[in-house]
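Subject: Structure for you to look at

Hello,

Please find the structure below. My notes on it follow.

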Amino acid sequence: MKILVFGGTRFFGKKLVMRLVAAGHDVTIATRGKTEDDFGDSVKRVVMNRESRENLFCLAQEKWDVVYDNICFSPQDALYAIAAFQDKVGKYVYTSSLSVYSARDRALVEADFDPFYYEIVTGSREDFDYGEGKRLAEAVFFQKAGFPIAAVRFPIVLGTDDYTGRLEFHVDHVLAKEEIGMPNEEAEIGFISSDEAAEFLEWIGTKSDLTGPVNAASDSVYRLDALMGLIEEATGKTALVEEVTEDNDDSPFGIEKTYYLDNSKAKAAGFVFQDLHDWLPKLIAYHVSNK
């Protein structure tokens with residue numbers, strides 16, 4: 001397949017490109033050119049600005065079997081993509097987010113946010129917070145595009161290559177005996193690994209005809225107190241968890257109520273997810289061993 005990937009030089013985007021290359025696809029990565037990669041001659045490269053309509057139309061001079069869009073954050077970004085790739089793409093895979101949902105204290109299913117009927121407001125990335133930008137981009141894609149689209153809704157993605165350091169934040173704070181702010185330790189949370197996120201993107205783009213909004217998350221969840229217990233066990237130290245702390249000590253996982261994804265739709269379509277309890281303790285051990 002001839003495949004275009006927006007992004008693809010770090011985290012799960014990089015792992016996606018590696019999988020696509022290994023599978024023998026003709027891959028082009030489109031980035032700002034600010035992050036070096038080690039793909040060598042196995043990929044083609046285009047330096048571009050994702051928010052530029054002109055740049056997108058240049059890419060759309062060719063036809064693509066699949067386009068992966070990991071860096072669309074606004075309705076304007078989505079509108080430019082639709083205008084450029086109309087009749088130029090077989091399937092468009094948009095990386096969306098758990099953040100499109102409102103917390104409901106239960107597992108969230110795709111129907112809890114319906115982009116087909118969400119009112120569209122136009123604007124650029126700076127005009128909206130992250131969640132609203134993703135909601136509006138989905139609304140634009142599903143209401144206005146004439147090509148097949150899958151919007152993959154990921155929870156927090158974790159891995160040894162996570163440049164955000166969200167899991168490391170907790171390990172570091174426990175090791176340093178610093179407070180961690182969590183408003184509700186009884187809340188349940190889910191994740192997906194960067195390896196599994198890349199595997200899922202490859203699957204839905206090249207091996208599945210699944211379209212529409214799709215949740216993708218590892219099986220199982222953790223209560224936050226149980227998650228902190230894993231870190232305590234791995235570090236041999238007690239976590240100092242408080243409901244209220246200074247802002248810089250607030251946990252990146254500090255949700256007020258249960259907030260995780262139901263992955264039944266993707267599983268029914270044939271994807272087999274890993275169990276969170278199989279990989280997260282190993283990832284915590286990795287971070288602790290590298291301190």
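In these notes, two residues are in contact when they have heavy atoms within 4.5 Å of each other. Please keep in mind that this is a predicted model.

Helix 3

Helix 3 covers residues 75–85, and its buried residues are Pro75, Asp77, Ala78, Ala81, Ile82, Ala84 and Phe85. Several elements take part in covering them, including strand 1 (2–6), helix 2 (53–59), strand 4 (64–69), strand 5 (89–97) and helix 4 (130–144). Just after helix 3 comes Asp87, with a positive phi of about 65°. Asp87 sits in the loop between helix 3 and strand 5. Most residues other than glycine have a negative phi. Asp87 has its positive value although it is not a glycine. With a relative accessible area of 65%, Asp87 is exposed, because the cut-off for exposed is over 50%.

Ser220 is another residue with a positive phi, about 80°, that is not a glycine. Its place is the loop between strand 12 (212–215) and strand 13 (222–223). Ser220 has a relative accessibility of 31%, so it counts as partly exposed.

Helix 1 runs over residues 11–22, and its 12 residues should span 16 Å at 1.5 Å a residue. The C-alpha atoms at its ends are 17 Å apart, which agrees. Phe11, Phe12, Gly13, Lys15, Leu16, Val17 and Leu20 are the buried residues of helix 1. Just after this helix, Gly24 takes a positive phi of about 90°.

For helix 6, the 13 residues should span 18 Å, and the end C-alpha atoms are 18 Å apart, so the two values agree. Helix 6 is mostly covered, with 11 of its 13 residues buried. Among the buried ones are Ser194, Glu196, Phe200, Leu201, Glu202 and Trp203.

What does Glu202 touch, leaving aside its neighbours within four places in sequence? Its contacts are Leu16, Arg19, Leu20, Ala23, Tyr68 and Lys207. Of these, Leu16 and Leu20 are also listed as buried residues of helix 1. Glu202 lies in helix 6, residues 194–206. Its relative accessibility is 5%, so Glu202 counts as buried; the cut-off for buried is under 20%.

Helix 5 (residues 166–175) packs with helix 7 (residues 224–235) at an angle of about 55°, and their axes are 10 Å apart. That angle makes helix 5 oblique to helix 7. Their crossing is right-handed. On the side of helix 5, the contact is made by Leu167, His170, Val171, Val174 and Leu175. Helix 7 contributes Met228, Ile231 and Thr235. Six of the residues in this contact are nonpolar, two are polar and none is charged.

Val288 and Leu175 are 113 residues apart in sequence, and their C-alpha atoms are 8.8 Å apart in space. Is Val288 buried or exposed? With a relative accessible area of 17%, Val288 is buried.

Regards

Note on methods: Residues are numbered from 1 along each chain as its sequence is written. This is a predicted model: local features need pLDDT of at least 70, side-chain atom pairs count only at pLDDT 80 or more; totals for chains, interfaces and linings use all residues. Side-chain values use heavy atoms; hydrogens and water are left out. Helices (H or I, at least four residues) and strands (E, at least two) are DSSP runs, numbered from the N terminus. Buried means under 20% relative accessible area, exposed over 50%, partly exposed in between (1.4 Å probe, protein chains only). The expected span of a helix is 1.5 Å times one less than its number of residues. Axes are lines fitted to C-alpha atoms, for helices over the stretch in contact, and angles run from 0 to 180 degrees between N-to-C directions. Angles under 35 degrees count as roughly parallel, over 145 as roughly antiparallel, 65 to 115 as roughly perpendicular and the rest as oblique. A crossing is left-handed if the near helix is turned anticlockwise from the far one by less than a right angle, and right-handed if clockwise. Ala, Val, Leu, Ile, Met, Phe, Trp, Tyr, Cys and Pro count as nonpolar, Asp, Glu, Lys and Arg as charged, and the others, Gly among them, as polar.
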